[in-house]
Amino acid sequence: MSVGLAGLRIPASWRWWPLKRAALSISRGSAPDYVEDGPVWAVSQAANQPGGLDWSRARFHAFGGNPANLKGLLRPGDVLINSTGRGTLGRVGYFTGSPDRRVAMADGHVTRVRVRPDVLHPRFAYYYLSSDPFQHYIYSALIVGATNQIELVGERLASAPIPMPPIEEQRRIADLLDAKVAVLDRLSALSLQQLSLMDERLVELCRAMTTGTLRSIDHVETGVPWMPKVASGWALNRVGRVFRTGSGTTPKSSEATYFEGDVPWVNTGDLRDGPVTAVNRRVSRLALREYPTLALYRPGSLIVAMYGATIGRVGMLETEACVNQACCVLSQATLVDTRFAFYWFLSHRSEIIRLASGGGQPNISQDIVRGLRIPAPDLHEQREIVQKIDREWDRAAAMRSALSRRINHLTERRQALITAAVTGQVEVTTAGGMDV
C-alpha cells in the first residue's frame, strides 16, 4: 500500500497523480452576456447535484453567440465542483449530456474538470472527488477566505492528489459504484418521499381538525375561498378580536450594550413550528428601557413570522421574551386557545402566505394577521382537539426521527462504499463484488 492524501492508503499497484496531470482542463465559467434567446444555456451551482444536473431546480438563461462565452461549454463526462459558498462548496456533479441544448457554466461559482479519458475514467474521477477523504481535504487544504466568503482555489485543486489504478480497474470500480450507489439513492429517495407524504397527511389532518371538517357532516359556508367550510356551530372570529397582536423592533446594532443582556430576543429564524426553547440572540434591560416598542411577551404567546425566508413559520414562547419587527405576536387570548390557534396557523400556512403583499419581500403584516378569520368551537372542545393533534404530532415526530435516521444511515453507507472502492479497500472484479 502507498500513502498519499492525508495518510490515505492505496494498493501498491496504484499511483498518486496530481489532478492536473490526468486532466485536459480545469476551468471556471465566466458570466455570459444574457439575451432573450441564444444557442447556449448557462448553469449555476444551484443545479449541480450529486446525481447530475437538476434541471428543475436551476434557472437557465439563454445567452448569445459571443465566442468568448463558449469556452465553458460542457461535454458528457465533465465533472463539476461547486467553488464558492457555504453549504454547497465542494459538491460534485457529473454531466451526462443534454439531448436538446448546449450547456455552459454560468460563472465562476462552478469549476469544470475535464479528464484525459485514456488515463482517468470520468466516473472514477467523479466518485473520488465525492468521497469523504477528498471532501475533507477540500476544507483543510484547498479553500481560502473568511467564514462567509470561502472559495475553492483552482491552482490548489489542480495540484490535489488523485489515486490512479489502471484504467480498466477504474472502469470496473465506476461500474460497481454506479450499480450500488443507485440502489442506495433510490432507497433514500423513497424515504424522503415517505417523509413528505407523512407531513402532507399531518397538515391535512390538522387542517380538518381545526375547521371541524374531519367527521362533522353539518357544515356552514365561511365566505373565505381558501377555507370554504367549517363545522356548524363554530364561531368565526377575526384574530384581532380574540387576541392582542403586537411586534417588536431591532435596537441600533452599533450600540453593543443593547445586545449584552439576558433577555431572549426572538427573530424569525428562531421559529421552528414548535416551542421556542432557545434563541440566537439576547438584548439588555437598557435596550428595553430605551426602545418602548421592544415589549416583553409572556410564555404561551404565539409568534408568526411576517416576512423573510421563514414567512408563515410559527412558534410558542416557552419563556418571557421580546421579538424583532418581523414577528407578529398573538397574546392575551380570549375565545380561542393559543395552542388551537397555533395548529390552525400551521396547517393554513400556504394559504396565509398567498395573502402577502409586496414584490421582492412579501409581507403578511400585522393588519393581515388581525383580519384573518379563525374558526373555533367552545374552549373545552378546542382543548380536546389540541390533545388529539398533540398525539398525532408525537406519533409523526417518532416516525420522522426513524426515517431521518434511515436516511442518515443510507448516506453514510453511500459514502463508505465510495471511499472503500476508490481507495482500493475492496477487490473489484465485477459490479457485484461488494454488498450494499
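**View 1. Tyr126 and Tyr127, a buried aromatic pair**. In this predicted model, Tyr126 and Tyr127 are both buried. They belong to one aromatic cluster together with Tyr94. Across the structure there are twelve aromatic pairs. The ring centres of Tyr126 and Tyr127 lie 5.0 Å apart and the planes meet at 55°, so this pair is tilted. Tilted pairs fall between stacked, under 30 degrees, and edge-to-face, over 60.

**View 2. Helix α1, residues 122-130**. Nine of the nine residues in helix α1 are buried, so the helix is largely enclosed by the rest of the structure.

**View 3. Two arginines over aromatic rings**. The charged end of Arg21 sits over the ring of Trp17. Its distance from the ring centre is 3.7 Å. Arg281 places its charged end over the ring of Phe259. Here the distance to the centre is 4.4 Å.

**View 4. The open sheet β22-β20-β25**. Three strands make up this open sheet, with mixed pairing. The edges are β22 (281-283) and β25 (322-323). Each has a single partner strand, so one side of each is left without a neighbour in the sheet. Strand β20, residues 263-266, runs antiparallel to β22 and is joined to it by three bridges. Val263 stands opposite Val283 of β22.

**View 5. The β16-β17 hairpin**. Strands β16 and β17 form a hairpin with two residues between them. Strand β16 covers residues 219-224, and β17 covers residues 227-231. The two run antiparallel and are joined by four bridges. Val220 has Val230 in β17 as its bridge partner.

**View 6. Thr245 and its surroundings**. Thr245 lies in strand β19, residues 244-246. Is Thr245 buried or exposed? Its relative accessibility is 17%, so Thr245 counts as buried; the cut-off for buried is under 20%. The side chain of Thr245 makes a polar contact with the side chain of Arg370, at 2.9 Å. Leaving aside residues up to four places away in sequence, Thr245 touches Val239, Cys328, Val329, Leu330, Gln366 and Arg370.

Key. Residues numbered from 1 in each chain as written. Predicted model: local features only at pLDDT ≥ 70, side-chain atom pairs only at ≥ 80, totals over all residues. Heavy atoms only, no water. Pairing = 2+ DSSP bridges. Phe/Tyr/Trp six-rings, centres within 6.5 Å; stacked < 30°, edge-to-face > 60°. Buried < 20%, exposed > 50% of the residue type's maximum accessible area, 1.4 Å probe, protein only. Lys NZ or Arg CZ within 6 Å of the ring centre and 35° of its normal. Polar contact = N/O pair within 3.5 Å; in protein donor to acceptor, adjacent residues only side chain to side chain. Contact = heavy atoms within 4.5 Å.
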